[in-house]
Amino acid sequence: MTTTASPKFRLPTNRDDLIFAAKLAEQAERYDEMVLCMKEVVKDSAKLSQDERNLLSVAYKNSVGIRRASWRILSSIEQREIQKNTGNAPKVQEYREMVEQELSEICEDIINLLEKDVLAHGGSDDRVFFKKMQGDYHRYHVEATNDEGHTQAALRAYTDALETAKSNLPVANPTRLGLVLNLSVFYYEILRKTEEGITLAKTNFDEAVQELENLPEAEYKEATLIMQLIRDNLTLWSEDEAANKDGTQVEDVN
């Protein structure tokens, strides 16, 4: 995997120190080094605590997020240079393709790590969380490459996660709500199945509202935050539908 981690960065040798180093890297916004730490944690033992799985998610989400933002900027500049016929478009294209390669490698790295190591452990909540992660990174890959294989792989991962969630997790469970949020974005943005995306989001939002009061306090706070993101997306998508425009997601979650 391409990384901008410093060659001077030395990985700790035991799990507790790796976790500390990952949290330190997060605070310093050194996400490629955070990724290295969390990969070593998985190698030590792929059975992750909730804190550890969140660290793994944050590390990769931010590492790839930097490239996603760069890719979007460069794609916009490339189109502008083409329209202006300045002759600079091939230079921008080369730079964009470099970033695209980095993005693709990060996505494939975490997809494989989850498949080969992490998904063999944990219960239903963990399976939903990590299959959603797989779907997310296939989706990020598709955003840049429009690769049909990754589109179908994303759909399979999200579908697996949703079936597990429906069978094992309450409708207001934060992990299930996070899946609904990201899957609805996938339907709307990638598959262009706008009605399915809206229906999935709205149906689950309405059902979760009825169950919120049954959640423990910590889950209640997390669930309400995710539900706010779902509502924001529904509002934006309704405006887009009224204006007959392509939608753009407000947010997704780790």
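This is a predicted model: local features need pLDDT of at least 70, side-chain atom pairs count only at pLDDT 80 or more; totals for chains, interfaces and linings use all residues.
## The overall build

Let's start with the architecture. The protein chain holds nine helices and zero strands.

Now for the dimensions. The C-alpha trace spans about 60 × 55 × 30 Å along its principal axes. A compact globule with 254 residues would have a radius of gyration near 18 Å, and the protein chain has 19 Å, so the two agree.

## Inside the fold

Of the 254 residues in the protein chain, 48% count as buried. Contacts also tell us how the sequence comes together: among those between residues at least 6 apart in sequence, 67% join residues at least 24 apart.

## Charges

The protein chain carries 31 positive side chains and 46 negative ones. The centres of these two sets lie 3 Å apart.

You will see T164 in helix α6, which covers residues 148–168. Is T164 buried or exposed? T164 counts as buried because its relative accessibility is 14%, and the cut-off for buried is under 20%.

Which residues does T164 touch, leaving out those up to four places away in sequence? They are S124, R127, V128 and L169.

Notes: Residues are numbered from 1 along each chain as its sequence is written. Side-chain values use heavy atoms; hydrogens and water are left out. Helices (H or I, at least four residues) and strands (E, at least two) are DSSP runs, numbered from the N terminus. The radius of gyration is taken over C-alpha atoms; the globule rule is 2.2 Å times the number of residues to the power 0.38. Buried means under 20% relative accessible area, exposed over 50%, partly exposed in between (1.4 Å probe, protein chains only). Contact means heavy atoms within 4.5 Å. Lys and Arg count as positive and Asp and Glu as negative; His and the chain ends are not counted. The place of a charge is taken as NZ of Lys, CZ of Arg, CG of Asp or CD of Glu.
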